[in-house]
Structure formats: structure tokens, C-alpha cells
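This briefing concerns the salt bridges of one protein model. Please consult the sequence and the structure shown here alongside the text.

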Amino acid sequence: MVIDLETIDATQLPAEVAVTAITMAELSAGPHATSDPGERGRRQDRLQRVEAAFQPLPFDGEAARAYGRLYSAVVASGRKARGPRAVDLLIAATASAAGLPLYTRNPGDFDPVGDLVDVVVL
């Protein structure tokens, strides 16, 4: 959702917005994940703007325990919880541990964990 922040209607967002440290890690990898110089520049710009605007929520012990619960729910649903989905679950676990909703444009990715974290669709 952070990659679309400039295009989202601000009235759809809460008064305060938070970003996880895991999200910051993904954004930090972004410029290195493309060989296109223009795209690399856009990703670097986005990273710098997000770093300037947010103090990231840490992935701590509470988030680690929440991750275990989310992982279990995903596996119980018959879905895979490893690979690219694991990063999304780490972000969701951070939100769950902090008692915050998770804003996403991919709600289907979080169907199995809807009872454990409040998923808000943008």
C-alpha cells in the first residue's frame, strides 16, 4: 500500500498512518531490484520520502508471536505461508501486535488471517 500512498484518497486513511520496519526493508531493496535507471530513481525517491515521513514500527517479540499465529492460520487454510507471502505475514503480524489495522490493496492474501488482524481494503 505504501507504494500507492500518493494515489490513495486521504479520506480512506486513518488520521495517523504507520509503516512497519519490514515494509521499510522491502522499500530499501526496491531500487536494487530493477535494472531500469528511471524506475530505480523512482523507487529511491519513494524510499527517501517514506523514511523522512515515518518512524517504522519494529518487528519485536510480540510481532514474532503474532507471526506464529498468522502462519498457523494460513497453513491450516491449506495455503503456503513461505516465500513472498511470508513477508506480507510479517507485516500483518506487526500490525496485529500493535493492535492496528492492516491496510492493503490485496485483501485476498489475508483471507485466512482475518480473525487475527483487521484487514482494511483500499
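The model is predicted: local features need pLDDT of at least 70, side-chain atom pairs count only at pLDDT 80 or more, and totals for chains, interfaces and linings use all residues. Residues are numbered from 1 along each chain as its sequence is written, and side-chain values use heavy atoms, with hydrogens and water left out. Five salt bridges are found in a search of the whole structure (a salt bridge being a side-chain nitrogen of Lys or Arg within 4 Å of a carboxyl oxygen of Asp or Glu).

**Network**
- Salt bridges link Asp36, Glu39, Arg42 and Arg43 in a network.
- Within it, the side chains of Asp36 and Arg42 meet at 3.9 Å, N to O.
- Asp36 is partly exposed at 37% relative accessibility (buried means under 20% relative accessible area, exposed over 50%, partly exposed in between, with a 1.4 Å probe and protein chains only).
- Arg42 is also partly exposed, at 46%.

**Helix 2**
- Arg49 forms a salt bridge with Asp45, with the closest N and O atoms 2.9 Å apart.
- Both residues lie in helix 2 (residues 37-53), four residues apart, or about one turn of the helix (helices are DSSP runs of H or I, at least four residues, numbered from the N terminus).
- Arg49 is partly exposed at 36%, and Asp45 is partly exposed at 38%.

**Helix 3**
- Glu62 and Arg65 form a salt bridge whose closest N and O atoms are 2.8 Å apart.
- Because Glu62 and Arg65 are three residues apart in helix 3 (residues 61-76), about one helical turn separates them.
- Glu62 is partly exposed at 41%, and Arg65 is partly exposed at 48%.

Key: Helix = DSSP H or I, 4+ residues; strand = E, 2+ residues; numbered from the N terminus.
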